[in-house]
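I kept them in the order in which I went through the topics.

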Amino acid sequence: MTDTNKTLVIAEKPSVAQDIVRALTPVAGKFEKHDEYFEGEHYIVTSAVGHLVEIQAPEAFDVKRGKWSFANLPVIPPYFDLKPVDKTKTRLNAVVKLARRKDVTALVNACDAGREGELIFRLIEQYAATGSGEKTKPLGKPVQRLWLQSMTPQAIRDGFDNLRTEQQMRGLADAARSRSEADWLVGINGTRAMTAFNSRDGGFFLTTVGRVQTPTLSVVVEREEKIRKFVSRDYWEIHGTFAAEAGSYPGKWFDPGWKKPAPGPDGVADPELRADRVWSEREALAIAEAARGQPATVTEESRPTTQASPGLFDLTSLQREANSRFGFSAKTTLALAQSLYERHKALTYPRTDSRALPEDYLPVVKDTMAMLAKSDMKHLAPFAKQAVEGNYVKPAKRIFDNAKVSDHFAIIPTLQAPSGLSDAEQKLYDFVVRRFLSVFFPSAEFQVTTRISTVEHQGKKYPFRSDGKVLVKPGWMAIYGKEAVSDEDEKDGKNLVPVKAGERVQTESADLKALKTRPPARYSEATLLGAMEGAGKLVDDDELREAMQEKGLGTPATRAAIIEGLITEKYILREGRELIPTAKAFQLMTLLRGLDVEELSHPELTGEWEYKLSQMEKGQLSREAFMEEIAEMTRHIVRKAKEYDRDTVPGDYATLSTPCPNCGGVVKENYRRYACVGHAADGSDACGFSFTKSPAGRTFEPAEAEAFLADKHIGPLEGFRSKAGWPFTAEMSLKYSDEDRNWKLEFDFGDDDDAAETGELVDFSAQTPLGVCPKCGARVFEHGSNYVCEKAVPTAAQATPSCDFKTGKVILQQPVDHEQIAKLLATGKTDLLDKFISNKTRRAFKAFLAYDKEAGKVGFEFEPRASKFPPRKTAAGAPAKKVAGKTAARTAAKKAPAAKKAPAEKKARKPGAGLAPSAQLAAVIGTEPVARTEAVKKLWEYIRAHNLQDAANKRNINADDKLLPVFGKPQVTMFEIAGILGKHLG
C-alpha cells in the first residue's frame, strides 16, 4: 500500500473486472495482478461473483422452531440484517478488506447497469460498513456509478469520464432494496402461511408462493382452465373456384352484412363468430349448391400498401422471437445475449426494456453500419454496404427517441466484430444484426388486390372474396429473404389472374370445408413473456405494449428466472415448446381463490407493484410508503389463511371413473382428498373411503389418481418431501385395513422381509427375465424394491441361495426402469442418469450405474470432465472410475494404487467353465465355449454392428437371417434375450 489515495472499482463478475483493467491501462497506467484484484496507481479493480450478500430477518425476529406455524406469522422485521452467501464467503471477505483499506477513499459501482447490479453493490457496501448489516449504514466513502451500455474498451473509458453521482442513483438504489425486501416479505410469509394451511391435517406440504412468480402461474393456469372447459363447435366454410379468360382463381364465401357481435353476459364477445363462417351444414350446402356452375360478376379494388420493419429489440421481444424462431428458452436467450455483451463485446447491454436509441447516437450507428459493411459476414455485409452507400441511417423518431429510452437503450451490435462464436451465439448475433439493418431500410411495398365475385341465383346474391398480395419492392424484407414472409403472407401471397372490366366469370366449383373451433393455444415461453409484459393480457401491438410495460409482471431482466423457477418448483412442465401447469399449480390457485388472496392470484395487481417500483426509480414514490403497503399486503395474506374456517375450499373438482374399492360408489375430488361420495354421489351413502391428494407434499395428477385407484399401486414416483423437508422417492399402495374395514394409502419403500432370510419361496414364473446376472450367469428378475438374481432368493428350483446379486429399483431417488437395468446387465452400464440426490449434500448429480467386477456390486461411474488444467502424462487415457456401494463418494475420492491393474488382468485371464453355443447361435457369436455374460455381450455387439434395434422402439430387436433361427421369430424385446440365450447354451 502507498500513501496515494485510490478508488476501488467493484464489478459484478471477474471477466468484467478484467475488461475494465484492459480499458483503463492506456489512460491510468499499468495494473499489478493479485489473487482477488488488480491494483494500479489510482485504481484498485475487483469484482463480486453475482450476489455475495443476501438479506435475512434479524436474530430477534428469526423463528428457528415453529416457522411453519400460524402462531409465528407474519414475520415483518423493522429492518433486515445481512448474511454472506456461503459459497462466496472468501470473495466477500476479500472485497470487504479492500473497501476498508485506509488508502481507498472512494468507490465506483461497476456492477451491471440495472436494478439487480445496484442491489449487489449496495449490499456489499453495507456489509463492509456494518458486518451483519444492522440497519442501513453507509461506509462513509463517496460512491459513483459506472453506467455502461457497451463493453468495448472505448465505451468503458467514456463511462469513467461520465460517472453518475450518488444522488442520481438514489431512486434506483431504493427500488432495488424495496424489490428485494418485498419479495422476502411476500415470499417467506406467503409460503409459510400456505404451507401451514395445507399441513393442518398432518404431513408437510411445502407450498411455495412468490410476489411475481405466483401471479405469473395464475396466467398459465387460467389459460389451461379455458382449454379444459372449451367445447368445440362445428362450422363450415364455402370455397369456390372461378374460371376467367386468363385462368382460374379461388374465392371464399362471406356474409357482407356481418357485424362484430356485442359482448355477452361475461362482457366478452364470442371470438369464434366470423363473416366467412356458417354454423349450419344445411345452410352451407344451400350456399354451395346455389353458387355451383353459376356465372358471377366481378368487382375489384387494387391498392399499394407498405410494411415497415419491426422495431429494434428489447430483451423481452428478443426472447419472444428467439423462442418462436429457434426454440430458445428465455433463460438461454438471456445467457447468450449476456455472453455476446460481456465476453465477445459484440452486443450492447441486453437487460433493457427500451426499443429506441438516444437521439445523439446517430454517429455511433453510422460507424456500426460501416463496420458491418466491412465485416466477414458475407450474407449480411452487402446490405450494410447498401445502407452506407444509400445514406439510410437518418434521425427517424421511430428509432432515435430520448423519450423512449430508459436507463438503457435497444439491443444493437457494437463497433466490435465478434469471432469464435458458438453456433447458438452466432444465430442470436445474426438475429440482432438483421433487425438492426432492417429498421434503417425502406418499407416493403405490396400491391394488395381485393376481388369480390358475386353469384346471383334466384334473386339472392352470394359474394366470394379473393385476396391477392404481391411484393413489389422488398425493402427491408430482402435482408430476411423468405424468413420475413409471415403465415398470413404465405397464405395470401399470390398473384390473382387478371379479369377484364365487365367480364363475367364462371363458378367452376363450390365446396364445403367442414371445420371445428379450436381451444386457445397453450402458452409457449414466447407468448407467456408477452403476457407477462401486459400483466396477463397478451399484447401484440407495439405501441400498446410500450404503454403497458411499466405495469408488467417482473422486468425484462427477471422474467426468464421467474419462468425457470416455476418449472423447478414443479408448478409447470415444459413439453416441447408448451408450458403446462401441473396438479400442484391448480391446487395452489384453488387455494388462493378460495381464501380470496387476490394479491397473488390477480396479475394486474402485481403489475401495479412493478409500476410503483418504476415510479420509485424516478423519484416519484418514497421507499417508506411502498414498504408500508407491502407490509399491509403481507398481513392480509397471512390473515386470510389463518382465519379461514370452512371444511373445504371451493373449486372445480374432478370425478374419477374408477369406482370406490370399498363400496363401488363414486369417488370425487375435493380440496384435500379423493373421497367416496356413495352411489348417489351426494355423500348420503358414502362409506368413508378416501386418500389424500398430496401425500408427503406431492400432488397427484388426475391421471395418476385414476391409475392408483384402478391398480391399487403406483410408482416409484419422485417429488415427495419428509416432515423435515427432505425430498424422497417412493411407491404407494392401497391396502385393506381389517381394523378400519376400509382401504388406506400406504408408502412402499421396499422394506419387506428379505426372502433369503425368511426362507419363503419366490415364484418368478409369471415374469420375463430382464437379463443375465453378471456374477453367476443366472437370470435377473424384479423382486419387491430390487432387481435380483434368481439364485439370490429361495425358489422351487433352488431352496438355498447361492448368489448375492441385487440392485435397487430406486437408488438415491433415481428410479431405475426395466430398460436401464436390461442395458446394465447386457452392456455393463446404464445410460447417463440425472436424478440422483446426494444424501450428504442434498444436491442432484449425474452418473452412470455400472457393474464393478472387483467389488461385485453396482456402483457409480461418472462422466469424464474436461480439466481446467493440462492432464498429467501418466494419466492419459485413464478410464472413468467406477465406484460401488454406499461409500461411492468416498471411494471415488480416494486414489487407486497403480498396482491394482495387475490383479485385474489376472482375474480377466482366469479360466472358467464355458458353455457351448448351439449351431444357430454359433453362426452369430462363434463356436468357442463362452460364459453367459460373454455370450450376451457378443450378441449385443452383433446387434449394434448390424443396426438391428428397432428405430421406433429401441427396446425391440429385429432379427436378420442369422438371428431368426436363434430368436425363432422376426422380433423380440431386449428383456427376452437372456431367456433365449439359455436355450442355446449347453
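I began with a definition: a nonpolar core is a set of buried Ala, Val, Leu, Ile, Met, Phe, Trp, Tyr and Cys residues joined through side-chain atoms within 4.5 Å, where buried means under 20% relative accessible area, exposed over 50% and partly exposed in between, with a 1.4 Å probe and protein chains only. I noted that the model is predicted, so that local features need pLDDT of at least 70 and side-chain atom pairs count only at pLDDT 80 or more, while totals for chains, interfaces and linings use all residues. Residues are numbered from 1 along each chain as its sequence is written, and side-chain values use heavy atoms, with hydrogens and water left out.

**Cores.** I looked up the largest nonpolar core and found 84 residues in it, with Met194 and Leu217 touching the most other members. Its largest share, ten residues, comes from helix α5 (residues 166-198); helices (H or I, at least four residues) and strands (E, at least two) are DSSP runs numbered from the N terminus. A second, separate core has 50 residues, among them Leu318, Ala387, Val432 and Val439. I then listed the contacts (heavy atoms within 4.5 Å) of Leu217: leaving aside neighbours within four places in sequence, Leu217 meets Leu566, Tyr571, Ile572, Ala585, Leu588 and Met589.

**The whole protein.** I recorded 29 helices and 34 strands, and buried residues make up 48% of the 986 residues. Of the contacts with a separation of 6 or more, 67% are between residues 24 or more positions apart.

**Leu315.** I found Leu315 in helix α8 (residues 315-326), and it is buried, with a relative accessible area of 0%. Not counting residues up to four places away in sequence, Leu315 touches Leu334, Pro350, Arg351, Thr352, Ile411, Pro556 and Ala557. I also noted that Leu315 and Ala330 are 15 residues apart in sequence and 9.3 Å apart in space, C-alpha to C-alpha.

**Two packed helices.** At what angle do helix α9 and helix α12 pack? I read about 85° between α9 (residues 330-342) and α12 (residues 423-440), with their axes 10 Å apart; axes are lines fitted to C-alpha atoms, for helices over the stretch in contact, and angles run from 0 to 180 degrees between N-to-C directions. The two helices are therefore roughly perpendicular, a term that covers 65 to 115 degrees, whereas under 35 counts as roughly parallel, over 145 as roughly antiparallel and the rest as oblique. The contact is made by Thr333, Leu336, Ala337, Ser339 and Leu340 of α9 and by Ala424, Glu425, Leu428 and Tyr429 of α12.

**Strands.** I next looked at an open sheet of three strands, with the order β17-β18-β19 and antiparallel pairing; two strands pair if DSSP finds at least two bridges between them. Its edge strands, each pairing on one side only, are β17 (667-669) and β19 (690-692). Between β17 and β18 (residues 673-676) there are three bridges, and Lys668 stands opposite Ala675 in β18. Helix α21 (residues 702-711) lies across β17, β18 and β19, and runs at about 135° to β19.

Last, I traced β9 (residues 234-244) and β10 (residues 247-253), which run antiparallel and are joined by six bridges, forming a hairpin with two residues between them. Gly240 stands opposite Gly251 in β10. On β10 I also found two bridges to the antiparallel strand β13 (residues 460-473), where Lys252 stands opposite Arg465.
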